[in-house]
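Dear colleague,

Please find below the structure I wished to hand over to you, followed by an account of what was found in it.

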Amino acid sequence: MNTPSLRDCDTLDQATAAIRAWATAQIPATWREAAEQGGPSLVRTVRTPTEYQEWYLVFARSGLVVPQWPIEYGGLGWSRPLAQAAERILALYHLPKLNPLGLNLTAAALFAHGSHEQRLRFLPKIVSNEEIWCQLFSEPGAGSDLASLATRAVRDGDGWKITGQKVWTTWAHLADFGVLLARTNADVPKRRGITYFLIDMRQLGVEVRPLRHIGGEVDFNEVFLNEAFVPDDHRIGEVNEGWSVARATLSGERQMVSGSGSGGVDRIGGSGTRRLVRLAQTRSQQGLPYGWDDAHTRHRLTGLWAEEQIRAWTNARVRAQLKAGLPPGPESSIGKVHGSQLNQRIQETAAQMLGLAGTAWEGEPDDYAGAMPSEIRGMLRSRANTIEGGTSEVNKNILAERVLGLPKEPDAWEGRPWREVPRG
């Protein structure tokens with residue numbers, strides 16, 4: 001029987017055969033062999049990030065990056081069982097999805113509130129990684145209380161002029177576009193005067209200034225907007241109704257950052273505890289403390305492994321809702337709170353297993369970050385996990401109010417126009 005093309009699959013058997021045929025034909029042989037013999041760690045020795053980015057368009061054009069999305073948006077229109085088969089088979093080859101902010105944040109808003117024309121314009125290039133995205137939400141005076149934001153948008157002909165400042169914007173220095181919240185009415189309560197925009201990051205009036213981590217790398221940025229222009233057809237949802245659109249993005253963000261977390265330990269895909277087990281086994285072979293032959297170390301790692309499985313199962317339920325075309329809900333905060341704290345414990349354990357080797361390392365003073373052990377870099381980077389994507393405190397409030405139905409905290413300014421609410 002001839003193997004059907006990916007777009008012609010109706011059954012699980014057909015999809016499985018088509019995915020495997022595609023992998024054999026399209027994934028370079030050296031990558032496949034490394035994945036089959038040694039997993040992600042061996043793949044990284046034969047595949048550079050640049051090579052993967054150059055090849056990625058092949059992956060995107062197949063539709064397998066987002067198989068449940070409609071074909072016209074870059075997917076295959078597959079049912080959930082077929083999409084799950086794709087994830088299961090392709091996981092072997094370690095093919096991380098690029099442009100995660102576009103796939104998880106922008107796409108969530110477009111599917112929930114965007115027009116068909118907007119989806120056609122932006123989603124395929126998000127899938128192909130041809131247009132990189134960032135999120136312009138947080139401001140110096142509007143972090144935990146995001147709805148109090150002060151960046152303003154003023155009508156200008158067939159578009160809008162945006163003026164203000166954003167901060168903690170991940171990958172803004174790399175982005176082509178950003179999702180942005182701006183205030184379009186200061187005379188109504190704060191959540192009712194916000195509009196949601198898609199802004200070109202490469203235009204005049206947009207200035208990006210990097211913020212360097214304690215580990216030396218740059219992920220976050222501050223962004224200054226000085227009458228940057230956004231055409232009205234890049235507005236998502238109705239004017240002054242951007243808060244409801246933002247909820248889809250925020251839930252998608254919480255789901256995204258509730259995964260493996262950030263840092264040096266299995267930063268792109270994979271299992272953080274799997275890396276810890278390998279580290280412990282290596283230390284045992286070298287006769288070093290905190291090895292796999294130490295009962296206390298094994299007990300600690302198996303406890304973290306169990307938590308990681310619980311997190312994965314919880315996230316799978318949320319992803320099932322997203323893949324079914326439903327907007328993400330407040331339940332995504334469960335994974336965000338647990339996943340961020342779990343990743344911190346995983347990263348701290350990796351750093352502690354180094355013992356004294358984690359307190360000092362060889363290298364030039366002006367390149368301390370370059371010589372830093374990956375376990376230490378992971379531990380330092382993970383400190384942001386409980387802040388980025390909404391602090392743990394904010395997410396616990398969301399769970400209390402919108403999932404458990406508990407009463408909201410009192411707000412003396414509730415219902416008052418944004419213009420009258422004290423700031424600072």
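I begin with Trp168, which is placed in the loop between E3 and strand E4 (177-183). Please bear in mind throughout that this is a predicted model. Trp168 has a positive phi of about 60° although it is not a glycine. Most residues other than glycine have a negative phi. With a relative accessible area of 54%, Trp168 is exposed, because the cut-off for that class is over 50%.

Asn240 also deserves attention, with a positive phi of about 70° although it is not a glycine. The loop that holds Asn240 runs between strand E8 (235-236) and helix H7 (242-257). Is Asn240 buried or exposed? Its relative accessible area is 19%, and Asn240 is therefore buried, the limit being under 20%.

Strands

Strand E3 (residues 159-166) pairs with strand E2 (residues 152-156) in the antiparallel sense, over 5 bridges. In this pairing Asp156 stands opposite Gly159 in E3. E2 and E3 form a hairpin with 2 residues between them. Gly157, in the turn, has a positive phi of about 65°.

E3 is also joined to strand E7 (residues 218-231) by 7 bridges, and these two strands run antiparallel. Here Ile162 stands opposite Ala228 in E7.

Leu211 belongs to strand E6 (residues 206-212) and is partly exposed, with a relative accessible area of 22%. Leaving out residues up to four places away in sequence, Leu211 touches Val167, Trp168, Glu217, Val218, Asp219, Phe220, Asn221 and Glu222. The exposed Trp168 described above is thus among the residues that Leu211 touches. Leu211 and Thr169 are 42 residues apart along the chain, and their C-alpha atoms are separated by 9.3 Å.

Nonpolar cores

The largest nonpolar core has 56 residues. Which residues have the most contacts inside it? They are Trp22, Phe59, Leu64, Trp78, Leu95 and Tyr196. For Trp22, the contacts beyond its neighbours within four places in sequence are Leu6, Ile27, Trp55, Val58, Phe59, Ser62, Leu64, Leu90 and Leu95. A second, separate core has 17 residues, including Ala153, Ala172, Leu180 and Val230.

Trp133 is found in strand E1 (residues 133-136) and counts as buried, at 0% relative accessibility. Apart from its neighbours within four places in sequence, Trp133 is in contact with Asn99, Leu101, Gly102, Thr106, Phe122, Ile126, Ala175, Phe177, Gly178, Val179 and Leu198. Trp133 and Gln26 are 107 residues apart in sequence, and 27 Å separates them in space, C-alpha to C-alpha.

His116 is found in helix H6 (residues 116-127). With a relative accessible area of 38%, His116 is partly exposed. Not counting residues up to four places away in sequence, His116 touches Glu72 and Tyr73. Between His116 and Gly75 there are 15 Å in space, C-alpha to C-alpha, and the two are 41 residues apart in sequence.

How do helix H10 (residues 332-353) and helix H12 (residues 374-382) lie relative to each other, and at what angle do their axes cross? The axes come within 8 Å and cross at roughly 150°. An angle over 145 degrees counts as roughly antiparallel, and H10 and H12 are therefore roughly antiparallel to each other. The crossing in which H10 passes H12 is left-handed. On the H10 side, the residues that meet H12 are Asn343, Gln344, Gln347, Glu348, Ala350 and Ala351. Their counterparts in H12 are Glu375, Ile376, Gly378, Met379 and Ser382.

Ser392 lies in helix H13 (residues 392-403). At 5% relative accessibility, Ser392 counts as buried. Beyond its neighbours within four places in sequence, Ser392 is in contact with Val337, Ser340, Gln341 and Thr386.

With kind regards

Key
Residues are numbered from 1 along each chain as its sequence is written. This is a predicted model: local features need pLDDT of at least 70, side-chain atom pairs count only at pLDDT 80 or more; totals for chains, interfaces and linings use all residues. Side-chain values use heavy atoms; hydrogens and water are left out. A nonpolar core is a set of buried Ala, Val, Leu, Ile, Met, Phe, Trp, Tyr and Cys residues joined through side-chain atoms within 4.5 Å. Buried means under 20% relative accessible area, exposed over 50%, partly exposed in between (1.4 Å probe, protein chains only). Contact means heavy atoms within 4.5 Å. Two strands pair if DSSP finds at least two bridges between them. Helices (H or I, at least four residues) and strands (E, at least two) are DSSP runs, numbered from the N terminus. Axes are lines fitted to C-alpha atoms, for helices over the stretch in contact, and angles run from 0 to 180 degrees between N-to-C directions. Angles under 35 degrees count as roughly parallel, over 145 as roughly antiparallel, 65 to 115 as roughly perpendicular and the rest as oblique. A crossing is left-handed if the near helix is turned anticlockwise from the far one by less than a right angle, and right-handed if clockwise.
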